[in-house]
Amino acid sequence: MRELTTTEDTRARMSKQRARDTAAEVELRRHLHRLGLRYRVHRRPLPTVRREADLVFGPAKVAVFVDGCFWHGCPDHATWPKRNSEFWRTKIEKNRARDLDTDRRLAEAGWLSVRVWEHEDPAAAARRVADLVAARRTPVRGAMPRIVGAID
């Protein structure tokens, strides 16, 4: 990848971009917590793979990734910058390829990878994740079924 030339304004703005605990991620966590779900935050689902999920539901083997529209090339909201366009297109395409590789590796190890776009409604995304986690949980013999309430 060639060296990036940029302005001081751009450099300052980009240095403030959060890699974790983004607004979309925190809002999703709030909704999942209200639904009674507990999870680990920013963990590697597989210790042998240097990729960290935003939320990990260990026993159910579900890894949730909250993807930013710009950084992961959202089909609805992705924009291609005019300045340094070759650099950014290459970077975003590599991010997309890494996401696919991560999903493949997790699936091979028996994990379900769930992608949530930052623009998605957090309540709807939380319900989708909750349904997937519930479907993958193994029931404990003699235990009462867990009831997940609705958010309204």
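In this predicted model, the count of salt bridges comes to 11. Side chains of opposite charge can pair when their charged atoms come close.

| Residue | Partner | N to O distance |
|---|---|---|
| Arg 51 | Asp 101 | 3.0 Å |
| Arg 104 | Asp 101 | 2.5 Å |
| Arg 105 | Asp 101 | 2.9 Å |

**The link to Arg 51**

The side chains of Asp 101 and Arg 51 form a salt bridge at 3.0 Å, N to O. This pair connects distant parts of the chain, the two residues being 50 residues apart. Asp 101 belongs to helix α3 (residues 85–108), whereas Arg 51 is located in the loop between β1 (40–43) and β2 (53–57).

**Pairs within helix α3**

Arg 104 meets Asp 101 in a salt bridge at 2.5 Å, N to O. Because they are 3 residues apart in helix α3, Arg 104 and Asp 101 are separated by about one helical turn. With a relative accessible area of 40%, Arg 104 is partly exposed.

Arg 105 also forms a salt bridge with Asp 101, and the closest N and O atoms are 2.9 Å apart. Both residues, Arg 105 and Asp 101, lie in helix α3, 4 residues apart, which corresponds to about one turn of the helix. The relative accessible area of Arg 105 is 33%, so this residue is classed as partly exposed.

**The network**

Through salt bridges that share partners, Arg 51, Asp 101, Arg 104, Arg 105 and Glu 108 are joined into one network.

Conventions:
Residues numbered from 1 in each chain as written. Predicted model: local features only at pLDDT ≥ 70, side-chain atom pairs only at ≥ 80, totals over all residues. Heavy atoms only, no water. Salt bridge = Lys/Arg side-chain N within 4 Å of Asp/Glu carboxyl O. Buried < 20%, exposed > 50% of the residue type's maximum accessible area, 1.4 Å probe, protein only.
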